[in-house]
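This report looks at one helix and at a set of charged side-chain pairs. Please study the sequence and the model before reading on.

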Amino acid sequence: MSQAEVLRRLQAQAGQEIHCSDWLQVTQARVDAFADATGDRQWIHVDPERAARESPWQATIAHGYLTLSLYPMLRGLVSAERPVFEGVRQVINYGLDKLRFPNAVLVGSRVRARCVLLKAEEVTGGLQVTEQYTVEVEGQAKPACVAEAIMRLYF
């Protein structure tokens with residue numbers, strides 16, 4: 001599919017939900033690995049015993065930036081066999097707007113992503129797509145993360 005065809009299809013979908021991921025359980029092992037990778041070993045994330053005693057959630061919670069970092073995986077941007085849009089050979093995370101973390105993700109919770117297409121436009125060499133990325137926590141009314149995720153698509 002050509003870049004122009006993908007742009008037309010995307011522009012026709014503006015304002016619509018274009019992706020809902022499967023549920024993913026957030027494990028202590030994933031939180032610990034993120035803490036090791038980032039150096040953020042704050043006890044509310046990595047010390048289940050202390051968190052049970054002292055935190056308002058009475059459990060460890062995922063880092064907000066861990067929840068954000070799940071976007072490429074939950075959105076399906078990481079599979080070479082299944083490109084997110086036909087004809088796209090490369091997807092680059094370009095940035096974020098309006099990032100918020102309105103709710104905590106307790107370790108053991110399941111999360112999923114819902115993505116609403118906000119806009120698609122041409123940029124030099126490709127397309128720029130802006131989506132609202134919302135991370136739902138199973139059984140919770142308030143989302144854990146809401147952001148406008150901007151990606152560049154190259155054909």
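Which residues of helix H2 (residues 28–38) are buried?

## The buried side of helix H2

The model discussed here is predicted. In helix H2, the buried residues are Gln28, Val31, Phe34 and Ala35. These residues lie on the same side of H2, because they cover an arc of only 125° around the axis.

## The opposite face and the end of H2

Turned away from the buried side of H2 is a face that carries the exposed residues Ala29, Asp36 and Ala37. Just after H2 comes glycine 39, which takes a positive phi of about 80°.

## Salt bridges across the chain

Side chains of opposite charge can pair when their charged atoms come close. How many salt bridges does a search of the whole structure find? The search finds 9.

One of the salt bridges is formed by glutamate 17 and arginine 114, whose closest N and O atoms are 2.8 Å apart. This pair links distant parts of the chain: glutamate 17 belongs to strand S1 (residues 17–20) and arginine 114 to strand S4 (residues 110–123), 97 residues apart. Glutamate 17 is partly exposed, at a relative accessible area of 42%. Arginine 114 also counts as partly exposed, with 24% relative accessibility.

A salt bridge also joins the side chains of arginine 110 and glutamate 138, with an N to O distance of 2.9 Å. Here, too, distant parts of the chain are linked: arginine 110 is in strand S4, while glutamate 138 is in the loop between strand S5 (126–137) and strand S6 (145–154), 28 residues apart. Arginine 110 has a relative accessible area of 34% and is partly exposed; glutamate 138, at 41% relative accessibility, is partly exposed as well.

## A network of shared partners

Is arginine 112 buried or exposed? Arginine 112 counts as buried, because its relative accessibility is 18% and the cut-off for buried is under 20%. Its side chain meets that of glutamate 136 in a salt bridge of 2.6 Å, N to O. The two residues are 24 residues apart, arginine 112 in strand S4 and glutamate 136 in strand S5, and the pair links distant parts of the chain. Glutamate 136 is partly exposed, with a relative accessible area of 23%.

Which residues do salt bridges with shared partners join into one network? They are Glu17, Arg112, Arg114 and Glu136.

Conventions: Residues are numbered from 1 along each chain as its sequence is written. This is a predicted model: local features need pLDDT of at least 70, side-chain atom pairs count only at pLDDT 80 or more; totals for chains, interfaces and linings use all residues. Side-chain values use heavy atoms; hydrogens and water are left out. A salt bridge is a side-chain nitrogen of Lys or Arg within 4 Å of a carboxyl oxygen of Asp or Glu. Helices (H or I, at least four residues) and strands (E, at least two) are DSSP runs, numbered from the N terminus. Buried means under 20% relative accessible area, exposed over 50%, partly exposed in between (1.4 Å probe, protein chains only). The arc is that of the directions from the helix axis to the C-beta atoms.
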